[in-house]
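This briefing goes through a two-chain model by topic. Have the sequence and the coordinates open while reading.

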Amino acid sequence: MSEDILHKVTNEEYKYGFTTDIETEVIPKGLNEDIVRLISAKKNEPEWLLEYRLKAYRHWLTMEMPTWAHLDIPEINYQDIIYYAAPRKNAPKSLDEVDPELLKTFDKLGIPLEEQKALSGMAVDAVMDSVSVKTTFKETLAELGIIFCSFSEAVEHHPDLVQKYLGSVVPYTDNFFATLNCAVFSDGSFVYIPKGVRCPMELSTYFRINAVNTGQFERTLIIAEEESYVSYLEGCTAPMRDENQLHAAIVEIVVMKNAEVKYSTVQNWYPGDNEGKGGIYNFVTKRGICKGENARLSWTQVETGSAITWKYPSCILQGDNSSAEFYSVAVTNNYQQADTGTKMIHLGKNTRSHILSKGISAGHSQNSYRGLVRVNKGAENARNFSQCDSLLLGDKCGAHTFPYMDVHNDSSVVEHEATTSKISEDQIFYCNQRGISTEDAVGLIVNGYAKEVINKLPMEFAVEAQKLLQITLEGSVG
Amino acid sequence: MNKQYIDLYKQHSPSIKKHSAEVMNRYRDSSFELFAKLGFPTPRMEDYLYSDLREPLAVDYGLNINRIAIPVDPYEAFKCDVPGISSHLYFVVNDMFFPAKNSVPLPEGVIIGSLKDMAGKHPALVEKYYAKLSSEKEDGLIAFNGAFAQDGFFIYVPKGVMLEKPVQIVNIMRSDVDFMANSHNLVVLEEGAKAKLLVCDHTMDNVRFLANRVTEVFVAERASYEHYKLENTHNRNTNLSTLLIEQKESSNVLTNIVTLHNGITRNTIEIALNGEHCETLLCGMVVSDKNQQVDNFTSVRHNKPNCHSNELFKYVLDDESQCGFTGQLVVAKDAQKTQAYQTNKNLLLNNNARIRTKPQLEIYADDVKCSHGATIGQLDQEALFYLRSRGISGKEARLLLMFAFMADIIGNINIDVLQDRIKMMVEKRLRGEQSKCEGCVVCQ
């Protein structure tokens with residue numbers, strides 16, 4: 001019985017797969033210094049940013065793609081990728097000027113751009129391919145001094161802020177994909193919350209990868225000044241494609257004294273078909289720094305998509321008494337591969353971190369948790385607790401855990417625990433006894449299993465996340 | 001430093017071969033090729049993340065390639081420091097095996113001796129097992145051992161034979177100049193056989209030593225094997241030890257690795273469960289202070305269904321000691337109904353000590369129960385307060401708690417006299433006193 005259900009799950013088609021026909025402006029395939037200059041020129045960037053890109057590009061040439069992850073990555077031809085694509089009609093003044101096709105796409109995704117925007121209470125900075133198309137609620141935010149705009153606008157209007165913080169958390173030499181992003185990043189979001197301001201609404205960006213063969217190289221920079229608060233949402237769905245698409249984004253977050261940032265992601269990019277063909281490669285560098293005392297940063301992610309996910313949202317706990325959290329549900333099905341986790345670097349005194357990771361593997365997928373907890377000598381009384389659980393829904397999938405712990409003082413407490421199991425016959429039997437069908441029972445158990453993490457998501461996202469779990473594992477989820 | 005040994009091998013391989021056994025020479029050139037390709041491991045390699053061997057490997061060691069006899073009688077020079085132990089006692093000085101002197105007669109069919117000699121006497125037997133596990137491994141240290149090891153010990157327990165008394169092998173490092181020894185050991189238990197082996201590592205002279213030992217253990221169907229390793233060497237010793245165990249159906253293995261005093265130690269322990277219904281218990285402890293470095297790399301591979309494994313490692317670190325632990329647990333695709341548990345607990349007593357731990361699970365089957373846990377922390381303040389409020393001094397209270405922390409590892413030693421001895425040694429060690437063994441050079 002349960003095998004039938006699992007079979008059904010494995011055959012579930014990707015429901016959000018559709019493409020929009022919008023003419024996009026693309027530059028030639030390939031990567032060289034001229035392309036980097038061209039991207040920079042197209043975006044009217046200042047000299048220092050071009051220099052930064054070139055510096056990164058030259059460094060990237062000296063690097064090799066890392067192989068340590070528990071992933072099987074087909075060779076990527078970096079000269080066969082288009083590094084820049086922008087919808088033709090740039091910067092529409094009002095909704096009327098936005099291409100109706102684009103609006104339809106957003107409608108299908110349920111993005112509240114039109115009348116829904118008031119209802120949902122979200123400010124949406126919708127990114128379609130590489131250039132910000134539409135930003136809403138800007139005025140409301142501007143009154144509070146909050147800057148929420150596309151990265152290019154930030155470069156234009158707030159170059160001092162961008163220059164000060166760009167690369168301050170993820171240096172351009174950080175890793176292969178981050179360096180590539182530094183050289184060719186197209187656009188992204190920029191958030192600045194001034195001192196003492198509590199952002200009144202959830203800031204949200206929807207990413208879509210749309211043009212054929214264009215890698216998307218997003219760049220997000222979030223700065224929370226002292227005693228401020230912001231909750232930021234990132235959600236993704238992508239159209240069905242046969243060719244692999246590379247996504248190498250960078251997210252940098254700076255959290256000052258007494259400030260708090262919550263960053264939530266629901267990721268549902270096209271994971272490839274039942275045979276593992278196609279799908280998106282998601283190689284993202286996400287890192288935040290708790291710079292001041294009592295700073296708080298939390299990452300919450302629900303990963304259901306992408307053919308290959310390679311992502312470690314990390315926190316550097318520099319300020320004394322700062323704290324960080326990482327909550328993750330990663331679901332893999334068919335031939336998906338995920339190697340995801342976090343890094344918690346404790347530098348300040350009395351810093352605390354909490355890691356909760358739930359992996360669910362089905363089909364032929366491989367799901368790995370990889371996390372580092374590091375406590376440096378000066379991080380007195382640091383405290384960490386990590387829990388990573390794996391649930392296996394089939395005998396052809398794999399669940400792996402690679403925790404690294406590195407403690408360098410005698411006052412810290414670091415704990416890690418992990419379990420791997422499948423849904424037991426007993427549990428199913430218990431539910432059946434009480435009149436719950438096997439299908440519903442599996443659903444109940446999986447939902448209960450992921451609940452701890454889903455509860456951490458903002459309301460609107462929690463609903464979407466639950467839906468995504470259902471779609472990814474339909475049949476086994478009631 | 002890789003080149004130095006590559007040149008050495010190219011120049012001296014005829015003498016190396018001349019003073020070794022034919023079966024060992026058969027693997028020598030291929031091992032050398034592999035070493036030339038891999039070189040010595042560096043901390044940049046995932047499996048050697050916590051072992052930095054560059055410094056000890058760069059020392060210019062002497063090698064006894066021509067196997068010139070050392071004028072020493074270990075039975076005179078060395079008194080076993082486990083009082084009252086009744087065992088089949090053998091010594092290995094550097095890589096030379098010393099046959100038993102006042103030997104207790106061995107049960108019929110049991111063979112214990114130098115691997116080189118036994119390869120001559122029982123060629124078919126040695127041939128069947130030698131390098132069957134080690135030649136599969138892509139590891140610089142094992143390859144180096146395959147190229148340079150000329151001897152070692154050989155233990156064979158035939159079908160259905162039970163060795164009542166434990167076999168004790170005392171490895172002694174003895175030299176007047178900085179010295180390196182390579183040895184390759186073989187332990188074979190046939191169906192239903194039973195044996196206990198205690199391996200002790202000691203150093204006699206205050207020079208730099210490096211020992212690179214590979215031990216292959218084959219435990220056949222329904223056999224039962226216990227392996228205890230006790231290291232009590234000085235701080236200028238580098239001990240690289242690889243233990244490869246293969247278990248067949250319904251066999252039972254207990255491994256307990258105790259490191260009390262050392263310089264730099266790397267223990268690689270790999271247990272392959274190649275039959276159904278195997279049971280394995282893998283324990284270990286480390287008490288480290290000063291500049292000690294200990295890295296225990298363990299790998300338990302569930303290749304067949306219905307096996308149970310349990311792993312428990314505990315560390316107490318003081319001063320500037322640096323330790324690492326890796327617990328690899330791999331459950332192969334069809335190894336259903338596996339139960340595998342792993343725990344690593346660490347106490348840090350000093351701000352300069354450092355522990356790195358990596359308990360990793362790789363699971364490719366779905367009907368399994370696996371868990372692992374790792375903790376790094378300090379003594380429980382409330383427990384300390386409880387003891388102090390009952391009139392126990394702070395120092396004693398801490399000792400009691402640390403001793404209790406280690407108790408379950410010590411409890412997994414099934415040789416009573418050895419258990420008592422290790423209990424005492426651990427207690428002395430935790431008190432900061434040297435547990436000095438006679439005939440052993442104790443570090444300054």
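**Surroundings of Ala324(A)**

Beyond the neighbours within four places in sequence, Ala324(A) is in contact with Cys290(A), Leu297(A), Ser298(A), Cys315(A), Leu317(A), Met344(A) and Ser353(A). The model is predicted. The points below begin with this residue and then turn to other parts of both chains.

- Ala324(A) belongs to strand β17 (residues 323-332) of chain A.
- Ala324(A) counts as buried because 29 C-beta neighbours lie inside 10 Å, where the cut-off for a buried residue is 20 or more.
- One of the contacts, Ser298(A), is 26 residues from Ala324(A) in sequence, while the C-alpha atoms of the two are 5.5 Å apart in space.

**Other sites in chain A**

- Lys42(A) sits in helix α2 (residues 33-42) of chain A.
- Is Lys42(A) buried or partly exposed? Lys42(A) has 16 C-beta neighbours inside 10 Å and therefore counts as partly exposed.
- Between the C-alpha atoms of Lys42(A) and Tyr84(A) there are 9.5 Å, although the two residues are 42 residues apart along the chain.
- Helix α11 (residues 438-454) of chain A has 17 residues; at 1.5 Å a residue the helix should span 24 Å, and the 23 Å between its end C-alpha atoms agrees with that.
- A bend of about 30° occurs in α11(A) at Gly448(A).
- Buried residues in α11(A) are Ala441(A), Val442(A), Gly443(A), Ile445(A), Val446(A), Ala450(A), Val453(A) and Ile454(A).

**Overall form of chain B**

- Chain B contains eleven helices and 19 strands.
- The C-alpha trace of chain B spans about 70 × 55 × 45 Å along its principal axes.
- Of the 444 residues in chain B, 54% are buried.
- Among contacts in chain B with a separation of 6 or more, 83% are between residues 24 or more positions apart.

**A run of parallel strands in chain B**

- Strand β9 (residues 224-232) of chain B pairs with β11(B) in the parallel sense over nine bridges, and in this pairing Lys229(B) stands opposite Ile257(B).
- Strand β11 (residues 252-261) of chain B has eight of its ten residues buried, so it is largely enclosed by the rest of the structure.
- β11(B) is also joined to β13(B) by eight bridges, again in the parallel sense, with Thr259(B) opposite Val286(B).
- Strand β13 (residues 279-288) of chain B in turn pairs with β15(B), parallel and over ten bridges; here Thr280(B) has Ser309(B) as its bridge partner.
- In strand β15 (residues 308-317) of chain B, seven of the ten residues are buried, so this strand too is largely enclosed by the rest of the structure.
- Ten bridges link β15(B) to strand β17 (residues 338-348) of chain B in a parallel arrangement, where His308(B) stands opposite Gln339(B).

**Loop residues with positive phi in chain B**

- What is the phi of His277(B)? Phi of His277(B) is near 55°, which is positive although the residue is not glycine.
- His277(B) lies in the loop between β12 (264-273) and β13 of chain B, and 17 C-beta neighbours inside 10 Å make this residue count as partly exposed.
- Asn306(B), likewise a residue other than glycine, has a positive phi near 60°.
- The position of Asn306(B) is the loop between β14 (293-302) and β15 of chain B, and with 17 other C-beta atoms within 10 Å Asn306(B) is partly exposed.

**Contact between chains A and B**

- The contact is made by 29 residues from chain A and 31 residues from chain B.
- On the side of chain B that touches chain A, β18 (354-363) and β19 (368-377) of chain B each supply at least two residues.
- The residues on that side of chain B comprise 13 nonpolar, ten polar and eight charged.
- Strand β23 (residues 398-407) of chain A runs antiparallel to β18(B), and six bridges join the two.
- Within this pairing, His400(A) has Glu362(B) in β18(B) as its bridge partner.

Key:
Residues are numbered from 1 along each chain as its sequence is written. Chains are lettered from A and ligands numbered from 1 in the order in which they are written. This is a predicted model: local features need pLDDT of at least 70, side-chain atom pairs count only at pLDDT 80 or more; totals for chains, interfaces and linings use all residues. Two residues are in contact if their C-beta atoms, placed from the backbone, lie within 7 Å. Helices (H or I, at least four residues) and strands (E, at least two) are DSSP runs, numbered from the N terminus. Ala, Val, Leu, Ile, Met, Phe, Trp, Tyr, Cys and Pro count as nonpolar, Asp, Glu, Lys and Arg as charged, and the others, Gly among them, as polar. Two strands pair if DSSP finds at least two bridges between them. A residue is buried if 20 or more other C-beta atoms lie within 10 Å of its own, exposed if 12 or fewer, and partly exposed in between; C-beta atoms are placed from the backbone. The expected span of a helix is 1.5 Å times one less than its number of residues. The bend at a residue is the angle between axes fitted to the seven residues ending there and the seven starting there.
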